[in-house]
Amino acid sequence: MFENLSYLALQQYWWAIVSLLGALLVFMFFVQGGQTMIRCLGKTDNEIKMLVNSLGRKWDLTFTTLVTFGGAAFASFPLFYSTSFGGAYWVWMLILFAFIIQAVSYEYRTKKNNFLGTKTYETFLFLNGFLGTILIGTAVATFFTGSDFMVNNMNQSHWMSPWRGLELAFDFTRYATFINLSLGLGVFFLSRVLGILYFFNSIDDTTLLERAHKKLLTNAALFLVFFLFFLVNILLIDGFGYDPVTKEVSLVPYKYFNNLIEMPVNTIILLLGVIMVLLGIYRAGFHFKECGSKGIWITGLGTVLTVFALFLLVGLNNTCFYPSISDLQSSLTIENASSSKYTLVAMSYVSLLVPFVLAYIWYAWRSLNKKSITAKEMEDDTHAY
Amino acid sequence: MEQFDLALIDWSRAQFALTAMYHWIFVPLTLGLSFIVAIMMTIYVKTGDELWKKITKFWMTLFGINFAIGVATGIILEFEFGTNWSNYSWFVGDIFGAPLAIEGIMAFFLESTFIAILFFGWGRVKPGFHLLSAWLVAIGSNLSALWILVANAWMQNPVGMQFNPDTARNEMLNFWDVLFSPTAINKFLHTISSGYVLSAVFVVGVSAWFLIKKRNVIFAKRSMVIGAVFGLLSSFYLILTGDESAREVFRTQPMKFAAMEGLYDGETNAPLVVIGLMKQLPDPQNPNLERFAFKLEIPNLLSYMAALNPNAFVPGIRDLIHGNEEHGLMSYYEKIEKGKIAIQALSEYKTALEAKDQATADENLKLFKANYAYFGYGYYDDPHSLIPHVPLTFYSFHLMVGLGMHFLILFIVILVLIFRKKIEKVRWVLYVALWTIPLAYIASQAGWIVAELGRQPWVVQDLMPTLSAVSNIDKGAVMTTFWIFAITFTVLLIAEIKIMVSQIVSQSKNEGGH
């Protein structure tokens, strides 16, 4: 089946899969966003416990999505993996550190004799939510704005900046830094919106939810400010395109805007996604009693569609998905960074499992979330976090 | 191809070893305890006996504590291939990346989805679905081990691929050759069975402590039976797969095999050193050096175990370096020459292509292909650089094997005493069982040292040395992250041990367990 596809079609297929995983990861960031609000929403021990436990039943899925995203990127676009991870060393190390401290925090937070104390583990959760979302958002923005590296004729990469990726977030002499940070902050506030919507769906406690409701619109407004700043800027800047025949890379005026015009289906997905994100927020914000618990699904699906479309925007239509600002010809495209055709075909058969995986995740989620979390349950449950 | 500062290579290796060894403290317990919990839960669901429910919940809690830190230390490993070994990531990414991605799709999602059901499903989902979740968590954990070990096995014995000079990387030719290579199968089976044995030792040891303290006796005895039976069956399997794994090493990594056995001069009818004390650090250039101050040998056994033939020739370190015409062994000197030819030919091939000189390119390509099997050797001038640390490999291997035998005997003794209803009376056995817990972890780490230190200096056997695989970053950055991870993991390990001990003590005082 997959053997009959062209090499380019397989590269596009795998870019779509990596994009989908990236989109699902941003949706799953409701865990991270929720973590940054544990202390500002929970005023009593039991309220904090409810918040932590509602997130604690999902944290591992976010973690797994991140690991699978990394694995899929390694398998399908190894040159991106070696260039970005080996190059932007400090950015990725900070991201990894943020996830290391998250993994133990749920399980250890309330256990007796936990060495560091409950508040330390809660701080770990906050740091994970804060750093993880902002840094990953900032790193993804560089797909549009470019990074400082070169690739030699043996396909070995060299990062040109001694700051090892930190310059992408802190070099304020470049306008692109503001664009990068705007997406980082946009993802951060979106994750907080998603976290609030998830609480609406999974916790049954009027006081707590009313408090969360008050935070929804502020976070939504901040998300919109940063996201729109990012979106408008990338549509106006020169993008990194390549000639499909000679493979020569060049700066193309309004490249990403042109991609919107030239890929209308993707544009529809993007618009639909943005509308759904806003609709979910609107309904949960202004019709909380009737639709509050459904907001996570509407905004969540909108998030997946929006992020998916943004990834396609930067990877397809002869666009460099990981551009180099040091040497244009070193820029990575889905054609020059991908695995061999054989590997993509083999991996494509494995990808047929993805719908099955999504189906059992959905089933397990539904089974566990049939009953919302209550204060009483927290007092009774022997495996509460 | 690039070469890097030795200090950078050493720090990068140290960081990877640190994270891998920390990760490997927690993973074996996850692999086996997941099955032990599933078995206990199955008995509870079948019998409806509340004590089995308590037993299941207790071991499940310990499983959860251990699982969390295993996840924390695991994420860094996957991304370190990119952050610290970026040249490696490109050179082998076409093959190595696929198992990692499959691991995520097939195993991690299974594990992470159903672990939530396992922990929080009590009273929320039907008992049958809850039980199924326990088994799916166990299968998911072990499936994740399969894929990462397939990737690791490929590094030890690269098969199913060919080098593409245009992209300067190895590309997969046959997925099934990679998945079903004998190295991969043996590595997977031996590694997971070692995890099962460690978990069984853990369950038996903790239960023994309950009995020493005379607390929760029935609870402890039931746990001990499950642990010991599981451990006994796993031990037999561990020995069988270990035997086959060693033979596989003999076939594919003869230098590692020689280091494992401390064998400097090859011989037919080679004896097996059961116990040995090395006299001094090795010097392969001195043929008269006495290797052992003391040794206990079994005649012919090494030849038999290596090749199923007591008369077989087992090459030693010196045979591999200097070659052995009688037994058809090419010397490392010759391999280094061929490797240098391959590296030079690849470089000239690339230059000729850029100059559009197809004839020269073709000529160099031919030369390159003829010598590619020795590509990695070309990075070295001195063949002695290709010897792994012999004493460490030798002692780790023998310690692992000796402790493996100890575990087998322990499980048999425990089961006999339980069967004869004397387990509480023979207290020294209980103490031995308790103190065997750290020994299981030592054996497990020793196995890792044999596998990974024994393959040095290769990151991919014969093709890519560690010194050319590293990311070109400042060594100060790697030193900094090394210490950050060392401190973080140590703190988390202390937290884990304190929580585990606290949970065990708390359960032992829980009267409901009687």
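**Helix pair across the chains**

I noted the crossing of α6(A) and α3(B) as right-handed. The model is predicted, so I read every value here as computed.

Next I looked up who makes the contact. From α6(A) I listed Pro78(A), Leu79(A), Tyr81(A), Ser82(A), Phe85(A) and Gly86(A). From α3(B) I listed Ser86(B), Ser89(B), Trp90(B), Gly93(B), Asp94(B) and Gly97(B). I sorted the contact residues by class: five are nonpolar, six polar and one charged.

**The wider interface**

I then turned to the whole contact between the chains. I found 66 residues of chain B in contact with 60 residues of chain A. Which elements of chain B give two or more residues to this side? They are α2 (50-83), α3, β2 (169-172) and α15 (475-508). The largest share, 25 residues, comes from α3(B). By class, I logged 37 nonpolar, 19 polar and ten charged residues on the side of chain B that touches chain A.

**Chain A on its own**

I went back to chain A and found 18 helices and four strands. Its radius of gyration is 21 Å, close to the 21 Å that the globule rule gives for 385 residues, so chain A is as compact as a globular protein of that length. I also took its box along the principal axes: the C-alpha atoms fill roughly 65 × 45 × 45 Å.

How many of the 385 residues of chain A count as buried? I noted 57%. Last, I checked contacts in chain A with a separation of 6 or more: 77% of them join residues 24 or more positions apart.

Technical notes:
Residues numbered from 1 in each chain as written. Chains lettered and ligands numbered in written order. Predicted model: local features only at pLDDT ≥ 70, side-chain atom pairs only at ≥ 80, totals over all residues. Left-handed = near helix turned anticlockwise from the far one by under 90°. Contact = placed C-beta atoms within 7 Å. Nonpolar A, V, L, I, M, F, W, Y, C, P; charged D, E, K, R; others polar. Rg over C-alpha atoms; globule rule 2.2 N^0.38 Å. Buried ≥ 20, exposed ≤ 12 C-beta atoms within 10 Å, placed from the backbone.
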